[in-house]
Amino acid sequence: MGNQGGFRLRQEVRGSVRRAGSAVSADECDDVALLRAVARGDEESLAVLYDRHAGWLTIRLTRRCANPDVVDHAVQDTFLAVWREAGSYRGGGDVAAFIWGIGVRRLIDAIRKENGARRRPPWHAEDPQVVVSAEDQVLLGIEHGQLGQALAGLSPELRGAIEATVLDGLTCAEAAVLLGVAEGTVKSRCHRARAALRTALADPLGTPDGMPPRREAWGTP
Amino acid sequence: MMSQLPAAPGPAGGPAGHAEAELLASYAAGTAGTVAAWSVEAHLTACEPCRTALSERVDPERLARNRSVLLVRAALGDGGRTMRLLRRCGIPDHLLRLLAATPSLRKSWLLSVLGVLAVLAAEAAAVSPGWTPARVLAGLPRLQHPQILIPFLLVAPLLVLAGVAAAFLPRLDPAYQLTVAAPFSGFTLLLVRAVSALAAALALVVAAAFILPGPGWLPAALLLPSLAVCGLALAAASVMEARAAAIAAGTLWVLPVLLLAGRHLPLAIVHWRAQSACAAVLCICAFVLLMRRDRFELGWTR
Amino acid sequence: MTVELRTAAVSADGLCRRYGTIRALDDIDVTLERGITGLLGPNGAGKTTLLSILATVSEPDAGRVSAFGLDPRIAAERVAIRRRLGYLPQELGYHRHFTVAGFLDYMAILKEITDRRRRAGEVARVLAAVGLEARARTRIRALSGGMRQRLGIAQALLGNPELLILDEPTAGLDPEQRLRFRELLSDLPGNPVIVLSTHQADDIAAICPYVVVLLQGRVRFTGTPASLAATAAGRVWVADQRDTRARLSWRGSDNRWRHVGEQPPAGAETVPPTVEDGYLMLSDPAGTW
């Protein structure tokens, strides 16, 4: 309710964008302060937030949807939502995570609008020839260890399902829109993925760090 | 959820500083493996320098384009609660935005209409003793002197007419020349504005009718005459000049009311015979309007 | 300059328009090609009337207009012309409660750009072109005269029109803004037909490859600015003293008197004429303010 009032106040602002009392230049503020300024209706802070976050957001969204127009729409909608809902940021967690949470949902909406319910969205599937490279294994192997190899051993479809539901925290319905499949398919893929991970972790076939992973086993879509 | 994944490598992690940059580069290019990408993403949330480094890999023109569109959309706003509601009802956004230019939908106009109605109501209240809105709403016996309703009957449909006329009088559109020179259909523009002005004014008038000391069917009975008067004005505007059309339609309402009031039958104007006459007039005018809709294409008159 | 045989993009034949007894336009023939055409003339010469007829806003009493092969007397073709039109009238009124972005958004809708995102993109583009991005949320009633003029130019640019009609676009702009306006016109994509009317002869000289001079409702000159200046060749001279035989004289910045007149005295020190001199020679010899 407080933010609603703030938003209406923004609309009634007459005159130029500059607000009295903004002594500190927006550039120097940290993200939380910027977000608070945006909640008060300061457009310059929105622009600075955009400059800081739009780049990585674009790349991260492109990983989930290859259509650049859809990603552009999602990025615009994300920061519009930040403009409107900055007051709902409760201070828990990074601003980047807050923006990502909005961003991925706006991407879902943009994909929905783009496709209706019929066509498959251009899912940014991995090139099947690319496996987790040896160098990457070296970099991450120490941290990821068994889990990393087990994950790498999944087929792209199963990994995509895990990424959408676990990493991005989407519901099955939202993941279904993102992946361009039916909701039931998402659920069954998650199920199979978890089963495969359990098997891989319980029976470690993984070789010592530094060795290339096993050949990918493609699951049927 | 995120705790299921191991912690991402910190900025100082990795065997050599530049490997981090390579990983970022491959992530930006989309060639990083899924698991590598996940660890980068988990790391991004916490590390600002890496976010900045990543941002530099996006086409700056694309970022600038989205930035300017974003700022324009933020500047435009979404019009407020009413507009959001109407949008959700399925009305296209571009038609809603056209309403913003309608003078008879602005707060100042609507407040003036409310003011006039308040004056009429006060006048009626002063003349009929013992009347309060509470008594009227409770359905208590009301009508002592039909004559007190004459000002209201006279003025109420004229208020609605004024709202609709404001929608199509060229003098009230400051950017009239631009409106003419634009390809948007003059008839559509007129309809959008007229219908919304009509709805707004009618709502106020009917609401006022509810609390006046009149017969119970007064609010409903005002609908058709108001619609008929506005229909007359619009249809006439396709034949004659806009202001003349509005004045003619208003006169065609005022004369019968005064006539019947002179014959001590003021409420006959809202009687069923008059209602059917209004309905007939409305149908004819709607037909004429549709037939002559090309004439509303502004500017070129011949 | 290569000689090309081509049909004019926009042409007017025999246009006449009267307001009561005043003949605003008297048998006007005008041809407009792609590129910038300047319309030069004093107040009351008929420039605004001509431009509003070309913009399909008013109707001539007689004569024909043809724009891109379309005839504005036919309703459907009139709408087709308007789809390719951008118009800045001389006295533009604004809905004063509108914000800058809101007004441009409204005009974009009138130009049939129905998609919200495309509209926002167009509005952003024209705002950047006229330098008003920082003022997107300012109400129009809070703008200065020059900013309002730029807003008017911006709305004319919406939708990338093929026919751009600008009536006194530089009125109220300071010198730097007039220069930026020249840059803006040079940067327009698609090589549209641009016609702009002005009092400023130096604007004409700077950017218009083609100029039409209107005086008292009649076309008095069509051609390049250089040839307009050349009509005053040999009739502009300087002297140390004022010469009363000249039509017009003033003391220049070098403290010498500059004269423009029909008959320079023998042995007078003639100087190269400017576009203004040529224009002056076309106007009424007995004229005053």
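This is a predicted model: local features need pLDDT of at least 70, side-chain atom pairs count only at pLDDT 80 or more; totals for chains, interfaces and linings use all residues.

Colleague: With which residues is B:Ala233 in contact, leaving aside its neighbours within four places in sequence?

Modeller: B:Ala233 is one of the core residues that touch the most other members. Leaving aside neighbours within four places in sequence, its contacts are B:Leu161, B:Val164, B:Ala165, B:Ala245, B:Ala246 and B:Ala249.

Colleague: Is A:Leu35 buried or exposed?

Modeller: A:Leu35 is found in helix H2 of chain A, which covers residues 31-39. Beyond residues up to four places away in sequence, A:Leu35 touches A:Ala86, A:Tyr89 and A:Val95. A residue counts as buried if 20 or more other C-beta atoms lie within 10 Å of its own. A:Leu35 has 23 such atoms within 10 Å, and therefore it is buried.

Colleague: How many helices are there in chain A?

Modeller: Along the sequence, chain A follows the pattern α-α-α-α-α-α-α-α-α. There are zero strands in chain A, and the number of helices is nine.

Colleague: How far apart do the C-alpha centres of domain 1 and domain 2 of chain C lie?

Modeller: In chain C, domain 1 comprises 10-84 + 161-224, and domain 2 comprises 234-271. The distance between their C-alpha centres is 34 Å.

Definitions and conventions: Residues are numbered from 1 along each chain as its sequence is written. Chains are lettered from A and ligands numbered from 1 in the order in which they are written. Helices (H or I, at least four residues) and strands (E, at least two) are DSSP runs, numbered from the N terminus. A residue is buried if 20 or more other C-beta atoms lie within 10 Å of its own, exposed if 12 or fewer, and partly exposed in between; C-beta atoms are placed from the backbone. Two residues are in contact if their C-beta atoms, placed from the backbone, lie within 7 Å. Domain bounds come from an automatic or database domain assignment. A nonpolar core is a set of buried Ala, Val, Leu, Ile, Met, Phe, Trp, Tyr and Cys residues joined through C-beta atoms within 7 Å.
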